[in-house]
Amino acid sequence: MTASVNQQPFRNRRRPLSERMLDQGFRLLVTALACSVGIILLWILRIIVKESLPAIGVFGLSFLTKSAWDPVSNDYGAFTAIYGTLVSSLLALAIAVPLGVGTAIFITENLIPRRISSLLGLMVELLAAIPSVVLGLWAIFVMEPAIRPILTWLHTTLGWLPLFDTEPQGPGMAPAILILVVMILPIITAISRDALQQVPGELRQAAYGIGTTRWGAICHVILPAAISGIMGGVMLSLGRAMGETMAVTMIIGNSNNFSLSLLAPGNTIASMIANQFGEADGSQVSSLMYASLVLMLLTLIVNILAQWIVRKLSLRYQ
Amino acid sequence: MKPISEAIDPNPKAGSLFQKSGLRFRPSLPRNLWNAVMTTLVAIAAGVAVLPLVLVLAFVLIKGGQLISLKLFTELPPAPGMGGGGIGNAVIGTVLVTGIAALLAVPVGIGGGIYLAEFAQGGRVARALKVFVRFGTNVLSGVPSIICGVFIYALIVKTRLLFGQSYSGIAGGMALAVLMLPTIIKTTDEGLKLVPDELRWGAIGVGASKFTTVMKITLPAAFTPIATGVVLGIARAAGETAPLIFTALFSNYWPWPETILSGDTGLLERLSQLKDPLLNPVASMSVLIFNFASTPYPELQSLAWAASFILVIMILGANLLARWLGRFAAR
Amino acid sequence: MTTSTPGPSTATKTDLCLSLEDVTISYGSFEAVRNVYLEIPRGQVTAFIGPSGCGKSTVLRSLNRMNDLIEGCHLRGRVVFNGEDLYHPKVDPVEVRRRIGMVFQKPNPFPKSIYENIAFGARINGYRGNMDELVERSLRKAALWDEAKDKLRDSGYALSGGQQQRLCIARAIAIEPEVILMDEPCSALDPISTLKIEEMMHELKKSYTIVIVTHNMQQAVRVSDRTAFFNAEAQDGGSGKVGYLVEYDETERIFNKPTQRATMDYVSGRFG
Ligand SMILES: Nc1ncnc2c1ncn2[C@@H]1O[C@H](COP(=O)(O)OP(=O)(O)OP(=O)(O)O)[C@@H](O)[C@H]1O
Ligand SMILES: [Mg+2]
């Protein structure tokens with residue numbers, strides 16, 4: 001469109017060839033650069049599929065349901081890791097969503113002076129910038145020792161539940177979930193805050209104008225209007241949590257023995273790859289590639305679902 | 001001043017189906033109780049959300065800050081069990097690998113962003129391409145960082161594609177670049193979209209070519225948001241670990257032999273050593289933290305805290321700088 | 001309750017609904033309107049007119065504490081409603097807004113169905129009657145029933161601008177306030193919708209006190225009993241213009257025999 005607009009008036013006054021070539025070249029260059037993203041994505045998929053083919057051939061779909069991981073007899077199944085990925089990210093989400101959305105409401109809904117709320121917002125955003133490996137370090141040396149008594153108490157009082165029936169001894173699923181909460185909280189908060197801020201002021205006025213209380217307006221008008229953005233953010237952070245590697249690897253214990261207990265060491269796909277890829281060879285590499293493929297597909301589904309939800313739930317304001 | 005009447009409506013509406021009370025605020029009303037409870041809950045949520053930042057910062061600053069000295073930057077990590085030493089190689093390595101990544105990702109990302117914002121209009125092909133690129137960008141930004149590492153490992157490290165070398169600084173840089181790319185495309189695209197169309201029409205109207213319009217008018221006008229996004233993208237990549245552990249790996253040595261500064265070898269040879277880290281394993285602060293955190297040696301663990309300190313200061317500094325840049329230019 | 005006698009002097013004395021006593025409203029350090037004294041009688045339509053930026057909306061919003069939502073907005077003086085100071089620290093602004101409803105310049109229905117738009121407010125106000133009946137009654141009063149009765153379940157946004165504005169009016173009257181504040185309710189509407197809303201106001205006047213801001217002189221003449229003319233003046237040393245109340249009287253007097261020169265100029269279109 002714009003291109004034709006800019007060319008037409010100059011038809012009769014021909015531009016120098018060099019300039020037209022430059023324009024054409026520029027267009028080709030940026031088009032090629034843009035396409036590189038898609039190409040990289042497809043390439044990632046292709047390489048991972050190719051590398052995992054041997055394992056797919058040997059284990060087939062039973063790879064997803066077996067929890068064996070035995071480099072000696074070359075028998076691999078990723079069930080423990082897949083289960084760990086899903087459980088850790090979903091539980092982290094369950095904790096982080098109320099906290100994050102609540103924080104976003106606290107920041108945006110004029111509950112506190114603007115100066116304090118923007119400071120809070122800044123702090124949450126800075127939390128998002130802290131590298132996950134630093135959070136992992138902190139988790140190992142500060143958080144895990146600090147929460148161990150609580151986990152022990154859980155075990156002694158609720159030990160009859162399968163979820164708490166092992167004794168906590170350092171790294172495990174529970175601390176990994178907590179560190180995941182720390183990692184995705186800023187994402188949920190930031191996206192929810194943006195979504196809440198985009199709710200038109202007229203809608204707020206309408207709500208307050210008919211005599212709703214602050215929380216009446218928030219629950220019945222503002223949150224429903226912002227729900228698409230918030231849900232998108234939730235799905236996005238679910239994808240992040242499933243793919244999060246370092247902090248989880250450092251604190252989850254990296255055990256392939258399946259256990260229902262949250263206090264026992266576990267594994268996620270990402271942490272399993274990070275932990276074993278360096279020393280693996282042969283069919284173990286291929287199995288890890290297969291696991292990568294599963295992880296990639298999982299995050300892909302979640303991300304596409306996120307985009308779909310945002311579109312589906314968007315309310316129309318005129 | 002008249003006292004507020006106690007819950008008596010001076011003008012009761014006869015036959016109203018609404019319960020109307022006085023204007024006085026009554027905290028015991030269910031709706032006011034609900035308000036107080038909910039406000040308290042979200043205040044607690046905000047406190048809980050901020051708590052980790054405060055705690056992480058406090059520990060990193062205290063545990064890492066104690067060790068900050070010049071030696072930290074000029075010495076190599078000690079052998080396990082030995083005290084002292086520094087993380088000089090990791091600091092240089094992080095700068096190096098992140099620099100390579102930026103060198104690769106920034107031009108490609110800005111080019112892609114320019115395409116999305118300035119060129120992707122018109123025919124059906126252009127629109128399809130735009131959807132492809134947008135979708136690719138969104139999906140790629142959701143790909144776990146460890147997968148970027150696995151991808152570059154399978155592509156370059158395992159196949160020894162680069163002059164027969166396996167683990168290398170370039171491989172690490174490429175993995176980080178894959179990670180940075182979507183961020184930079186998005187910020188460029190969004191930054192350029194903020195430029196008002198009038199500016200473009202103005203340039204085109206006086207006969208500027210598309211190339212000139214973009215390079216001289218729209219890109220400079222969108223400089224601040226793009227620069228902000230690029231700084232944030234680089235800062236995030238500098239702290240990434242997962243893409244590096246099987247690409248750049250780690251090294252206990254300086255990226256360059258110490259003789260490069262004052263060796264007795266010839267100048268030409270020393271110059272050719274400059275490329276060493278590009279084709280060999282390179283240390284980085286993030287991988288150092290990961291490796292040293294899991295060792296049982298307290299000296300190495302404290303070096304991990306020191307590296308965290310430097311990394312966090314660098315990254316938070318870049319974040320605050322970017323924010324300040326944006327605020328400054330908005331004035 | 002709407003037993004006011006037409007005589008203006010008696011009305012203001014005997015049946016006062018709202019009165020502003022030396023009200024000064026500022027945004028941060030900027031004073032938007034200064035020293036307003038105003039007495040709004042019950043059961044009548046009071047119009048605010050004046051040039052843009054003179055603080056009409058600001059004063060109107062202060063009448064049901066909508067200004068509380070604006071950070072930095074501050075009011076000095078007293079706004080007395082039925083003998084109670086609305087800005088007394090013990091007053092609940094939510095309760096105030098249930099008694100003094102508001103219709104905004106831009107139609108702002110909730111992103112809910114037409115039915116829900118009306119039922120929502122009633123429900124949170126503790127309505128215990130038949131909801132269908134209330135919805136119908138409110139829509140009828142707002143002259144929207146015939147157009148909307150077949151699509152009560154459709155989104156409020158499926159209506160035209162004028163219909164949306166009447167929906168917002170229906171929403172406001174559904175909670176049976178005593179006063180309805182309207183800030184340029186017809187500014188985005190075509191003449192026919194405007195006429196419908198004006199007719200409706202004549203109806204509503206029987207049971208409500210109405211305060212309306214308008215830029216349309218004819219509208220003020222057609223609908224209002226009393227008119228307040230606001231103006232803004234550059235203050236020496238001040239940064240912006242400060243609004244103040246110039247004159248307040250029966251509409252007829254304001255438009256025919258104003259006592260102030262500025263009023264005369266404004267209503268005759270020679271303002272500037
Ligand atoms: N939210 C706000 N924050 C700061 N200043 C404001 C705000 N709203 C209004 N003002 C200022 O207060 C003054 C009065 O504004 P107001 O909206 O009350 O005018 P108005 O008479 O309603 O104008 P109009 O006829 O254009 O609607 C103006 O100078 C305006 O700039
Ligand atoms: Mg106004």
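Contact here means heavy atoms within 4.5 Å. The model is predicted: local features need pLDDT of at least 70, side-chain atom pairs count only at pLDDT 80 or more, and totals for chains, interfaces and linings use all residues. Residues are numbered from 1 along each chain as its sequence is written, chains are lettered from A and ligands numbered from 1 in the order in which they are written, and side-chain values use heavy atoms, with hydrogens and water left out.

**Exercise 1.** Describe the interface between chain B and chain A.

*Solution.* 
- Count residues. 82 residues of chain B are in contact with 77 residues of chain A.
- Take the area. About 7100 Å² is buried between chain B and chain A, and carbon and sulfur atoms give 81% of this. Buried area is the accessible area (1.4 Å probe) that two parts lose on being put together, summed over both.
- Look for salt bridges (a side-chain nitrogen of Lys or Arg within 4 Å of a carboxyl oxygen of Asp or Glu). Chains B and A share two. Lys158(B) and Glu51(A) form a salt bridge through their side chains, at 2.6 Å, N to O.
- Find the main contributor. α1(B) gives the most to the side of chain B that touches chain A, with 21 residues.
- Sort by type. That side of chain B divides into 57 nonpolar, 20 polar and five charged residues. Ala, Val, Leu, Ile, Met, Phe, Trp, Tyr, Cys and Pro count as nonpolar, Asp, Glu, Lys and Arg as charged, and the others, Gly among them, as polar.

**Exercise 2.** Which residues are closest to ligand 1?

*Solution.* 
- List them. 14 residues surround ligand 1 (a heavy atom within 4 Å). The closest are Ser52(C), Lys56(C), Ser57(C), Thr58(C) and His215(C).
- Check one distance. A polar side-chain atom of Ser52(C) lies 2.4 Å from an oxygen atom of ligand 1.

Definitions and conventions: Helices (H or I, at least four residues) and strands (E, at least two) are DSSP runs, numbered from the N terminus. A polar contact is a pair of N or O atoms within 3.5 Å; within protein, one must be able to donate a hydrogen and the other to accept it, and residues adjacent in sequence count only if both atoms are side-chain atoms.
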